[in-house]
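I opened the model to look up a few features one by one. These are my notes, in the order I made them.

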Amino acid sequence: MTKQTKEQLETLYDVAIVGGGMVGATVALGLAEQGFNVVVLEKSRPELAWDETNPFETRVSALTRASENILKSLGAWQGVLDKRYHAFTDMHVWEDISNAQVHFSAKDIDESNLGFVVENKVIQLALWEKLVEKDNVSLLTEKALVAIETKVGPGNVALNELSFEEGVKLRAKLVVGADGAFSKVRQLVGIGLETHDYEQCAVVGCVETELSHQNTCWQRYRSEGPFAYLCMDGHVSSIAWYMPVEKMGWTLSLDDKAFAEAVEEASGGCLGRVTHVSARDAFPLTRRHALEYVKQGVVLVGDAAHTIHPQAGQGVNLGLLDAAALIETLSDAKQENAITWNRLSVLRRYERWRKGDNHIVQRSMEGFDWLFEQDSGVKNAVRKTLLPFADRMQMAKNWLMRQALKGRQALPELARD
Ligand SMILES: Cc1cc2nc3c(=O)[nH]c(=O)nc-3n(C[C@H](O)[C@H](O)[C@H](O)COP(=O)(O)OP(=O)(O)OC[C@H]3O[C@@H](n4cnc5c(N)ncnc54)[C@H](O)[C@@H]3O)c2cc1C
């Protein structure tokens, strides 16, 4: 599966995808389905064996219906269902000062759930299981990319040469940077970034609680950042606990008992006592947006193009929409012209499709942050009035739930119901 033969390295690929995480693997599978000859370059070696007795991963994603549809359309959703996932039917949001709250329920919009909480590893694994079945996909792991040289030939068609540390080279008509927030591809081709340091970190992990989560995701807004329980199996929830970045070291240094008590306090005790804690991890949070998503022969997707505050669980959902939009753009272009499908003007169509949408979602997170960040009298009063008012506006809540679940108007084909 991951052997690197001379033949693999000498092939001229249609598309080289750097990064085989959730988004890169989706692009690879979708393009392979459309008949492109694809190579995936992943710096780590994903463990492809699934063992249901494995402890829960620290990294999970709340997937929307649009993301579920993308994975379904590509045949990877069954791989998720065969492993571990949890549907959530409700979402309860409240704030600590006034206790004002909003409750969202799938039954109000005649849906069976509001999405699924799935471990990132399960999503990646489900995609890789499909990738290994494809004859037109090569998977190369543990290779360190050092250079990309792009030449533009007749008809404005690009050809890239990718060089790796071991001196190995590989050629592709298009390079997709799906290599995450610190994208090497983005650096190598000189795409700049707009950044904003949230000065917050997220502490993540799994805990067991005394009370059942009732298939509900619970989010409590506190002045130093939100705290969320994302429901998993039984009484197990994944936590996403946001706090000032200076508290990250202290939080991670707590022993299990002190950590459990601190989680109980941050959650306001909404699920009772924390009876068990497992491994935890923490990430400083930064908003990043690539100034351009495309260059001649190169395109960025997912976290390589944008990162966002995870409080609304949108990061990978946006990345999967990037993937679906890119697949559709390239396959349409290939049908129009089998030679010029990788031209810059085609890649710009993808950029126009996705960049504005990602920007709007990024900025709407700042609105939440602003409203909940400090204990100013004005903001307290706004929250105290706004949340109960919002809770009574059933039509507005239903609209919001549908938007969050199914996405906006210009959905790629793969993401539609
Ligand atoms: C605390 C936290 C909670 C989150 N919760 C949610 C949520 O609930 N819902 C949601 O939608 N999103 C969530 N996100 C965001 C989500 O995790 C990311 O948006 C998502 O992981 C991005 O996927 P990706 O495939 O673009 O990048 P990544 O997941 O970063 O994958 C990149 C891949 O590229 C590989 N790679 C990196 N560099 C190279 C290289 N040079 N060569 C080859 N391979 C390389 C890596 O090994 C990796 O496999 C959360 C993020 C955080 C920090």
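I began with the term for burial: buried means under 20% relative accessible area, exposed over 50%, and partly exposed in between (1.4 Å probe, protein chains only). The model is predicted, so I kept in mind that local features need pLDDT of at least 70 and side-chain atom pairs pLDDT 80 or more, while totals for chains, interfaces and linings use all residues. Residues are numbered from 1 along each chain as its sequence is written, and side-chain values use heavy atoms, with hydrogens and water left out.

**Entry: aromatic pairs**

I looked up F36 and W341 and found that both are buried. Next I needed the term for ring pairs: rings of Phe, Tyr and Trp (its six-membered ring) pair if their centres lie within 6.5 Å; planes under 30 degrees apart count as stacked, over 60 as edge-to-face, and the rest as tilted. How many aromatic pairs does the structure hold? I noted eight. One of them is F36 with W341, edge-to-face, at 5.0 Å centre to centre and with 75° between the planes. F36 is in the loop between α2 (22–33) and β2 (38–42), and W341 is in the loop between α9 (315–336) and α10 (344–373), so this pair ties together parts that are 305 residues apart in sequence. For these labels, helices (H or I, at least four residues) and strands (E, at least two) are DSSP runs, numbered from the N terminus.

I then turned to F227 and Y229, which form an edge-to-face pair with 5.0 Å between centres and 90° between planes. Both residues are buried. Ring pairs join F227, Y229, W241 and F259 into a cluster.

**Entry: charges over rings**

A charge sits over a ring if NZ of Lys or CZ of Arg is within 6 Å of the ring centre and within 35 degrees of the ring normal. I found R280 over the face of F259, 4.2 Å from the ring centre. I also found K334 over the face of F36, 4.4 Å from the ring centre.

**Entry: helix α12**

I checked the length of α12 (residues 394–406). The expected span of a helix is 1.5 Å times one less than its number of residues. For the 13 residues of α12 this gives 18 Å, and the end C-alpha atoms are 18 Å apart, which agrees. Which residues of α12 are buried? I listed K397, N398, M401 and L405.

**Entry: the ligand**

A residue is near a molecule or strand if one of its heavy atoms lies within 4 Å of it. Of the 29 residues around the ligand, E42, R59, A62, D303 and V316 come nearest. A polar contact is a pair of N or O atoms within 3.5 Å. An N or O atom in the side chain of E42 is 2.6 Å from an oxygen atom of the ligand. V23 has a backbone N or O atom 3.1 Å from a ligand oxygen atom, and K43 has one 3.0 Å from a ligand nitrogen atom.

**Entry: backbone angles**

D110 is not a glycine, yet its phi is positive, near 55°. D110 is exposed, with a relative accessible area of 74%.

Methods
Polar contact = N/O pair within 3.5 Å; in protein donor to acceptor, adjacent residues only side chain to side chain.
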